Amino acid sequence: MPQEQPSSGTQSATPRLKLSGITKIYPSVVANDNIDLTVMPGEIHAVLGENGAGKSTLMKMIYGVVKPDAGEMMWQGQKVTIANPAHARELGIGMVFQHFSLFETLTVVDNVALSLPGKQDLRALSERIRQVSDKYGLPVDPRRIVHSLSVGERQRVEIIRCLLQTPKLLIMDEPTSVLTPQAVRKLFETLRQLASEGCSILYISHKLDEIQELCDTATVLRGGKVSGHCVPSKESPKSMARLMIGKDLPVCEHTQAKEGGEVLLKLAGLSHASDDPFGIDLQDLHLEVHSGEIVGIAGVSGNGQQELLYAVSGEECLSERFPVQICGTQAGRMSPGRRRRLGLCFVPEERLGRGAVPSMSLAENVILTAAKRRRLVRRSLIDFKAARAFAAECIERYSVKAGGVFAQARSLSGGNLQKFIVGREIMQDPKMLVVAQPTWGVDVGAAAFIRQSIIDLRNRGCAVLVISEELDELFEMCDRIAVIAKGRLSPTKRAAETNVEEIGVWMSGIWPGVDATMDQARVQA
Amino acid sequence: MLFATIVAGTPLIITALGELVTEKSGVLNLGAEGIMAVGAVAAFAVAHDTHSTWAGVIAGMAAGAAMSLIFAVLTLTLMANQVASGLALSIFGVGLSAFVGKPYESASMVAVPPIRVPLLSDIPVIGPALFEQQSLVYLSWLLMAGVTWFLYRSRAGLVLRAVGESPSSAHSIGYPVIRIRYLATLFGGAMAGAGGAFLSVFYTPLWVEGMVAGRGWIALALVVFATWRPLRVLVGAYLFGGVMISQLFLQGSGAQIDIPSQFLSSLPYWATIVVLVIISRNVQTIRLNSPVSLGQPYRPE
């Protein structure tokens with residue numbers, strides 16, 4: 001299939017983009033090994049693969065950010081070497097990055113002007129931005145400063161920025177990870193409209209259902225190699241998963257939660273103004289987490305998840321004691337260390353830097369959080385023997401791939417480090433565990449393993465609070481689900497009694513009993 | 001006194017505006033003190049030997065740019081630490097200027113006559129203070145306006161701010177980050193050199209070792225406390241100049257006061273910093289104006 005000749009068939013048009021034998025080798029890893037890929041005009045082509053399969057590297061090469069070590073690129077039948085992103089844009093290639101490449105302190109129109117050649121008349125450009133945003137249903141105000149935009153709006157800016165250059169090929173790198181299910185549907189409409197006008201779309205994702213819904217054809221990558229081509233509408237999620245991870249999709253065992261455990265974490269009217277001018281203020285949060293249950297908090301990123309996590313973990317101390325109660329103790333003003341002593345363990349979102357110190361060995365990283373609960377420190381001296389034993393046990397039990405207990409934390413891949421951090425916290429036998437984004441950037445196999453570990457912990461009577469942006473994950477793990485939006489928390493609902501649809505609506509800030517006048521009061525304030 | 005205030009503030013304005021442009025591109029050049037010293041001695045030597053003030057100023061700027069080129073090669077090409085390289089450059093520059101300047105220690109030069117702006121200088125009180133100044137004083141005002149216009153109105157300035165904000169994003173949409181940072185650093189060096197030239201050619205017309213006297217450091221502080229905004233740099237520099245002159249007047253007046261002279265001499269330094277700290281307390285303005293990538297090396301993929 002990948003070997004088809006552009007001129008062989010009479011009715012087959014020239015492919016818009018054709019890659020053959022693309023290879024990129026990094027010092028420690030072969031990121032792309034002999035990749036072939038063909039995209040036709042007006043086609044929505046999925047590039048499917050797990051984290052680390054080489055999708056992003058491949059896209060960066062097409063967009064000229066990274067140069068391939070070997071292989072050939074044909075653009076509309078012509079052989080090209082793309083020197084830099086400006087060259088790619090000249091050819092008509094646009095890219096929407098997974099981590100946005102916007103400048104936070106500049107306005108929308110400034111950001112757009114930066115990516116267009118020559119000097120721009122900002123007023124005329126604002127007008128063009130409005131036209132494009134009307135045409136494709138991407139509402140955004142050109143005069144606003146980017147940092148004040150929600151993530152969904154930022155993505156629109158990125159898309160508009162590409163559309164203004166009337167691209168012939170649009171690369172979307174994991175575009176839906178920051179959107180509500182409703183916003184995803186809107187995005188798909190926009191993409192279909194674009195494709196119908198002849199623009200080709202390369203859609204990078206690891207979400208099988210999305211690819212089935214949207215894409216015409218798919219190329220699957222595994223471990224830097226093409227593991228197959230398929231037509232998503234003719235495949236089942238199961239068969240595509242097999243192509244992607246090489247085995248069947250693992251499932252978690254989830255039993256009914258026991259009722260009536262004691263309350264181990266209680267938020268009693270938690271309000272906290274953020275120090276960060278770009279942060280979110282928490283407003284009057286109420287929540288109870290009982291022993292033996294998992295409560296999930298859904299929400300689009302940047303709606304107060306981080307602030308909530310800091311307030312619960314103690315990274316941000318509150319001015320009063322009562323709003324956060326851990327195992328029956330009013331802990332609002334306690335430091336993270338003291339909260340840990342009460343039986344709280346937590347896995348922060350940022351793995352390197354918050355969850356682990358990158359340049360320290362795994363054994364040393366273990367000491368940082370488990371010193372007290374696992375008695376790794378005696379008479380203020382470190383018991384290295386115990387720390388090594390603990391780290392080794394963690395590596396063993398959670399099947400972490402690492403070069404032993406002395407390996408630096410930063411040398412581990414994202415998934416392995418996450419397994420290690422989750423393992424480290426679970427092995428401290430917490431009464432209450434708070435986990436943020438447990439499987440972000442983790443491959444499917446490891447993700448299922450982490451989820452199962454957390455469920456097992458719950459079955460042993462631990463109370464678990466999971467903050468995640470992946471709805472599927474929350475529905476798989478949680479007994480009850482709440483939504484955080486604009487710094488406010490919805491009531492909880494049993495996972496079995498709700499669905500993705502309803503939670504999606506809540507994620508936009510609308511749930512039963514929400515006081516609309518509060519919003520107006522905030523706007524006026 | 002207003003006259004003297006403006007004169008005292010001018011070298012700070014020129015140096016700080018240059019440094020502001022450098023920092024807006026994400027490069028922290030702590031070498032301003034050394035660059036000013038080298039600029040001052042180069043300008044004095046050339047002006048003294050050629051009898052041309054302007055040749056002196058240009059020599060000062062060239063020397064400043066050359067000094068900052070050393071810094072740029074170290075930090076932008078060789079990825080050395082910016083803070084350490086900047087401090088080293090300062091120490092190096094002060095030492096080099098003393099060495100090169102030895103033969104000129106006792107030399108003197110005719111003071112450059114001020115330029116009278118017709119009509120405007122006839123305004124009572126402020127006229128003579130503002131409009132019977134050295135040419136470089138007028139140029140420093142133009143520079144302030146020019147830098148403001150460049151940063152906030154021109155496309156090149158927008159690109160420069162974008163590079164300072166997020167070099168990886170700027171690279172990914174296709175801007176030559178390293179080249180832009182080189183240019184910004186060279187501009188900053190040339191301006192620091194001009195600031196030094198003002199000191200040795202216009203301000204005192206002579207060369208003494210150590211005559212920069214910490215003005216490079218004050219200029220660096222001005223940029224930060226002015227939250228990277230050109231107009232605030234101007235205000236801060238005149239504030240420094242004003243306090244400097246007032247305390248000199250006070251010391252020279254022979255009035256019976258019980259304040260140690262050392263305290264009075266230190267007054268302009270800390271008065272400037274205290275005032276600027278107070279006006280720059282707003283977290284929002286700092287976040288909006290400070291270049292996010294300041295001081296961080298960037299290695300394109």
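The model is predicted.

The open sheet of six strands in chain A has the order 6-7-8-3-9-10, and its pairing is mixed. Strand 6 (93-96) and strand 10 (225-230) of chain A stand at the edges. Each has a single partner strand, so one side of each is left without a neighbour in the sheet. From one strand to the next, the twist averages 20°. Strand 9 (residues 217-222) of chain A runs antiparallel to strand 10 of chain A, and five bridges join the two. Within this pair, Val220(A) of chain A stands opposite Gly228(A) in strand 10.

Two helices of chain A are described against this sheet. Helix 6 (residues 181-196) packs on the sheet and touches strand 3 (44-48), strand 7 (169-173) and strand 8 (200-205) of chain A. The direction of helix 6 makes about 145° with that of strand 8. Helix 8 (residues 237-245) of chain A also packs on the sheet, with contacts to strand 3, strand 9 and strand 10. Here the angle is about 40°, taken between the directions of helix 8 and strand 9.

An open sheet of four strands, also in chain A, has the order 12-11-14-15 with antiparallel pairing. Its edges are strand 12 and strand 15 (329-330). Each pairs with a single strand, so one side of each lacks a neighbour in the sheet. Helix 9 (residues 305-313) of chain A packs on this sheet, touching strand 11, strand 12 and strand 14. The direction of helix 9 makes about 120° with that of strand 11.

Strand 11 (residues 263-272) of chain A is largely enclosed by the rest of the structure, because seven of its 10 residues are buried. Seven bridges pair strand 11 with strand 12 (residues 282-290) of chain A in the antiparallel sense. Ala268(A) has His286(A) of strand 12 as its bridge partner. Strand 11 also pairs with strand 14 (residues 324-326) of chain A, again antiparallel, over three bridges. In strand 14, Gln325(A) is the bridge partner of Lys266(A), and Ile326(A) is that of Leu265(A).

In chain B, a nonpolar patch lies on the surface. Leu250(B), Ile257(B), Ile259(B), Phe263(B), Trp270(B), Val274(B) and Ile278(B) form it, with about 590 Å² of accessible area together. Helix 12 (residues 261-279) of chain B gives the most to the patch, with four residues. Ile257(B) lies in the loop between helix 11 (230-252) and helix 12 of chain B. Ile257(B) is partly exposed, with a relative accessible area of 36%.

Definitions and conventions:
Residues are numbered from 1 along each chain as its sequence is written. Chains are lettered from A and ligands numbered from 1 in the order in which they are written. This is a predicted model: local features need pLDDT of at least 70, side-chain atom pairs count only at pLDDT 80 or more; totals for chains, interfaces and linings use all residues. Side-chain values use heavy atoms; hydrogens and water are left out. Patches are made of residues with over 30% relative accessible area and no salt bridge: like charges are joined within 9 Å, nonpolar side chains (Val, Leu, Ile, Met, Phe, Trp, Tyr) within 5 Å. Accessible areas come from the Shrake-Rupley method with a 1.4 Å probe; for residues, only the protein chains shown count as cover. A salt bridge is a side-chain nitrogen of Lys or Arg within 4 Å of a carboxyl oxygen of Asp or Glu. Buried means under 20% relative accessible area, exposed over 50%, partly exposed in between (1.4 Å probe, protein chains only). Two strands pair if DSSP finds at least two bridges between them. Contact means heavy atoms within 4.5 Å. Axes are lines fitted to C-alpha atoms, for helices over the stretch in contact, and angles run from 0 to 180 degrees between N-to-C directions.
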